[in-house]
Amino acid sequence: MDKEELAEKLAAELGFEFDSISKAYIIKLLEKELNEYKYGESAEYIRLLCGYLFCLGDRSDIPLIKKAKYDLNMDVGCMIDGEWLQSLENGGKEDAANGIRSREEIIADFVRYYGNAG
């Protein structure tokens, strides 16, 4: 199964009721993927996992999302939305001057994107 299929399967399994998704499970999956990532693989699965962490909204996950964005390679880094990090850092507030939408708008985009996948 390739990484796009893995991302589709996980999104279908977990859905988007973020209150019922285990943060520990997402962290475990992301840490495993970061450790096993091979250069040239699709970053879609890593992106999905980081997106779930963003949607769960815990500032303590910022370092892990940054690790995914900045520590592997530029291709992976480009897949992880910097707006997710900025939103977590600023408490989810809209910051039009810096091009940051509200947390709710960003989550709605995430759900639209992955909810329509497949």
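Author: Please keep in mind that this is a predicted model. Let's begin with Ile-46, which is in contact with Leu-30, Glu-33, Leu-34, Tyr-37, Ala-68, Leu-72, Val-76 and Ile-80, once its neighbours within four places in sequence are left aside.

Reader: What makes these residues contacts of Ile-46?

Author: The cut-off is heavy atoms within 4.5 Å. Leu-30 and Ala-68, among others, are in contact with Ile-46 by that rule.

Reader: Which residues touch the most other members of the largest nonpolar core?

Author: Ile-46 is one of them, together with Leu-30, Leu-48, Cys-50, Tyr-52 and Phe-110, in a core of 34 residues. Two or more residues each come from helix H1 (3-14), H2, H3, H4, H6 and helix H7 (103-115). H3 gives the largest share, nine residues.

Reader: Why are the buried residues of H4 said to lie on the same side?

Author: The residues in question are Ile-62, Leu-64, Ile-65, Ala-68 and Lys-69, all buried in helix H4 (residues 62-70). They cover an arc of only 165 degrees around the axis, so they sit on the same side of H4. Pro-63 and Tyr-70, on the other side of H4, are exposed.

Reader: What covers the buried residues of H4?

Author: The cover includes helix H2 (23-36), helix H3 (44-56), helix H5 (74-79) and helix H6 (82-89).

Reader: Why is Leu-56 called partly exposed?

Author: Buried means under 20% relative accessible area and exposed means over 50%. Leu-56 has 21%, which falls in between, so Leu-56 is partly exposed. This residue is found in helix H3, and Leu-56 touches Phe-18, Ile-21, Lys-23, Ile-26 and Arg-103, not counting residues up to four places away in sequence.

Reader: How far is Leu-56 from Ala-68, 12 residues apart along the chain?

Author: Their C-alpha atoms are separated by 17 Å.

Reader: What can you tell me about the way H6 and H7 pack?

Author: Their axes are 10 Å apart, at an angle of about 145 degrees, and H6 passes H7 in a left-handed crossing. Glu-83, Trp-84 and Ser-87 in H6 meet Arg-103, Ile-106 and Phe-110 in H7.

Reader: How do the residues of that contact of H6 with H7 divide?

Author: They divide into three nonpolar, one polar and two charged. Trp, Ile and Phe count as nonpolar, Glu and Arg as charged, and Ser falls among the others, so Ser-87 is the polar one.

Key. Residues are numbered from 1 along each chain as its sequence is written. This is a predicted model: local features need pLDDT of at least 70, side-chain atom pairs count only at pLDDT 80 or more; totals for chains, interfaces and linings use all residues. Side-chain values use heavy atoms; hydrogens and water are left out. Buried means under 20% relative accessible area, exposed over 50%, partly exposed in between (1.4 Å probe, protein chains only). Helices (H or I, at least four residues) and strands (E, at least two) are DSSP runs, numbered from the N terminus. The arc is that of the directions from the helix axis to the C-beta atoms. A nonpolar core is a set of buried Ala, Val, Leu, Ile, Met, Phe, Trp, Tyr and Cys residues joined through side-chain atoms within 4.5 Å. Axes are lines fitted to C-alpha atoms, for helices over the stretch in contact, and angles run from 0 to 180 degrees between N-to-C directions. A crossing is left-handed if the near helix is turned anticlockwise from the far one by less than a right angle, and right-handed if clockwise.
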